[in-house]
Amino acid sequence: MEPVVLPAGLQVFERGWLSSNNVLIKGRERCALIDSGYCTHAPQTLALVQANLQGRSLDVLLNTHLHSDHCGGNATLQAVYPALQTLIPPGHAHFVRDWDPVALTYVPTGQSCPQFHFEGTLEPGTEIRLGDALWQIHAAPGHDTHSVILFEPLSRLLVSADALWERGFGVVFPELDGEGAFDEVANTLDIIEALQPLTVIPGHGAPFTGVAQALAVARARLDGFVQSPEKHMQYASKVLLKFKLLEVQQLELQVLVAWAQSTPYFASTFARHFAAVPLAQAVEQLVRDLVRSGAATVQGSVVCNV
Ligand SMILES: [Zn+2]
């Protein structure tokens, strides 16, 4: 597999799963940041940006999509850099303009995101100069209906957000709303393949080459979900639960159950797909699954992140 070589002036802050990765691109004149992490990590995001900019200003902030783990640092960055130009996918624009935390998924996922503003949109089919290179903007629906991905054709570098990871892709959120989106995931994987990226900077995890293999893994995973949509629902439930644990680190099982009951994606998913099992029991089962896979521990009545 080819080694990962990133262009000069571009840095990836690999952040884990609560916060998405951030990509800092420094040009001769302007500096840009792609995605800003989760709100509880905002001070860390700011510190990483400031340490790397060494006194230069941050001029442009782009969000691939507006899930809480990709734009939770926006408000903090906007406060520190008043001239910052924030660009978001056009499909989200009116939800941000009128600040609709339901449509922006913060309420249905039981997650947080401080309100921010935007100055422009990232129109698919157009190009944008980031650093000293021109990047293509492509629509990438599936994981999120309005997500975009960014491609720099000279170095064949793709910022794939949650449309493609080294081993899979993000939860297909429209499916939790009852809107079929597995076809869109497949189409987006085809679009990525057609771009022929050499290197991918995913929304989570390390940058990677070996894109053909990643696409094969993603397609196999998608096939599994298409064959058994309940597997996707199980996966989505586990991801939401794990995200909550990452956010708060530990909480009483009863509090976790109450959170699940008041979190619409959780409650509606269970009502639709696992109606035979009471929600509290289902949460306990999911916690056991997380413990078995090493993603959580239980101490007495407290569920811990690890
Ligand atoms: Zn996402």
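Me: Which residues line the largest cavity?
Reply: Pro141, Gly142, His143, Asp162, Ala163, Phe169, Val185, Thr188 and Leu189 line it. A cavity here is a set of points, on a 1 Å grid over the protein atoms alone, where a 1.4 Å probe fits but cannot get out, and lining residues have an atom within 4 Å of a point. This is a predicted model: local features need pLDDT of at least 70, side-chain atom pairs count only at pLDDT 80 or more, and totals for chains, interfaces and linings use all residues. Numbering runs from 1 along each chain as its sequence is written, and side-chain values use heavy atoms, with hydrogens and water left out.

Me: What volume does the largest cavity have?
Reply: About 40 Å³, where a volume is the space filled by probe spheres set on grid points joined across faces, edges and corners.

Me: And its lining by class?
Reply: Five nonpolar, three polar and one charged residues. Ala, Val, Leu, Ile, Met, Phe, Trp, Tyr, Cys and Pro count as nonpolar, Asp, Glu, Lys and Arg as charged, and the others, Gly among them, as polar.

Me: Which strands supply at least two residues each to the second largest cavity's lining?
Reply: β10 (157-161) and β11 (199-202); strands are DSSP runs (E, at least two residues), numbered from the N terminus. The second largest cavity holds about 30 Å³ of space, and its lining includes Val159, Ala161, Ile201 and Pro202.

Me: How many bridges join β13 and β14?
Reply: Three, in the antiparallel sense. Glutamine 299 has valine 302 in β14 as its bridge partner.

Terms used:
1 Å grid on protein atoms, 1.4 Å probe; cavity = no way out; pocket = protein on both sides within 12 Å on 5 of 7 lines; lining within 4 Å. Helix = DSSP H or I, 4+ residues; strand = E, 2+ residues; numbered from the N terminus. Pairing = 2+ DSSP bridges.
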